[in-house]
Amino acid sequence: ASLLNFQKAIALYPEYASAYIARGITYYKLGNRERSRDDFRYALSLESNLEIASYNLGMILYNDNLFKDAESIFLDLTQKFPDFADPYYHLGYMYYEQKDFVQAEKYILTSLRLDRNPTTIYAYIKILEQIRKSNSKREGLDSLIQSLKKEIVEKYPNSSYEKNLSDIVFK
């Protein structure tokens, strides 16, 4: 039903970028990633500064393992919308998956500075633990990891992140 409504809106107002975004989200939820990507790209052709269209397109490309394309979109978003935490988070996570922990930490820290939340704190812990496993001699790494774990336990008790933590040491 919502797909039909968005198609009607597009028929009535073919230059209304938000209708393409809404339809693109609907297509994505229905599993039609190609049509979804097309709608986000078309919305961007109508209005190039649409944060939500770029972000959703980047997420689809990321989920389709098109990392270079997603990276390009997320980097562009960090330039156009420097206070939008999500592209930094996804860049950090993407670099983490590629085992580029230096870049991962850089972007996760920026995301954390913009929006401190348990998801980003937990991602930062995972990155730091990988840095530690790579035999890093970085000063204060263990205490930083422990302080972040403590923050999750204290500020977000009973969260899935708190349940996933192990070896918590309180000082």
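Visitor: How should I read burial here: is Thr120 buried or exposed?

Guide: Buried means under 20% relative accessible area, exposed means over 50%, and partly exposed lies in between, with a 1.4 Å probe and protein chains only as cover. Thr120 has a relative accessible area of 3%, which means that Thr120 is buried. Please keep in mind that this is a predicted model, where local features need pLDDT of at least 70, side-chain atom pairs count only at pLDDT 80 or more, and totals for chains, interfaces and linings use all residues. Residues are numbered from 1 along each chain as its sequence is written, and side-chain values use heavy atoms, with hydrogens and water left out.

Visitor: Where does Thr120 sit, and which residues does Thr120 touch?

Guide: Thr120 belongs to helix α8. A contact means heavy atoms within 4.5 Å. Not counting residues up to four places away in sequence, Thr120 touches Tyr89, Ile108, Ser111, Leu112 and Asp115.

Visitor: What about Tyr93: which residues is Tyr93 in contact with, leaving aside neighbours within four places in sequence?

Guide: Those contacts are Tyr62, Ile108 and Lys126. Tyr93 lies in helix α6, residues 85-97, and its relative accessible area of 23% makes Tyr93 partly exposed. For a sense of distance, take Ala17, which is 76 residues from Tyr93 along the chain: their C-alpha atoms are separated by 29 Å.

Visitor: You keep naming helices. How many helices and strands does the chain have?

Guide: Helices (H or I, at least four residues) and strands (E, at least two) are DSSP runs, numbered from the N terminus. Here the count is ten helices and zero strands. The C-alpha trace spans about 65 × 30 × 25 Å along its principal axes. Of contacts between residues at least 6 apart in sequence, 40% join residues at least 24 apart.

Visitor: How do I check a helix by its length? What should the 15 residues of α9 span?

Guide: The expected span is 1.5 Å times one less than the number of residues. For α9 (residues 141-155) that gives 21 Å, and the end C-alpha atoms are 21 Å apart, which agrees.

Visitor: Now backbone angles. What is the phi of Asn65?

Guide: Most residues other than glycine have a negative phi. Asn65 has a positive phi near 65°; Asn65 sits in the loop between α4 (51-63) and α5 (67-80) and counts as exposed at 54% relative accessibility. Asn158 also has a positive phi near 65°, in the loop between α9 and α10, and is exposed at 64%. Just after α2, Gly31 takes a positive phi of about 90°.

Visitor: How many positive and negative side chains are there?

Guide: Lys and Arg count as positive and Asp and Glu as negative; His and the chain ends are not counted. Each charge is placed at NZ of Lys, CZ of Arg, CG of Asp or CD of Glu. The chain has 23 positive and 23 negative side chains, and the centres of the two sets lie 4 Å apart.

Visitor: Last one: which element has the lowest mean pLDDT?

Guide: pLDDT is the predictor's confidence in each residue, from 0 to 100. The chain averages 90, and 95% of the residues score at least 70. Among the elements, α10 has the lowest mean (83) and α5 the highest (96). Over residues 167-171 the pLDDT is below 50, and this stretch has nine contacts in the model beyond near neighbours in sequence. Where pLDDT is low, the predicted coordinates should not be read in detail.
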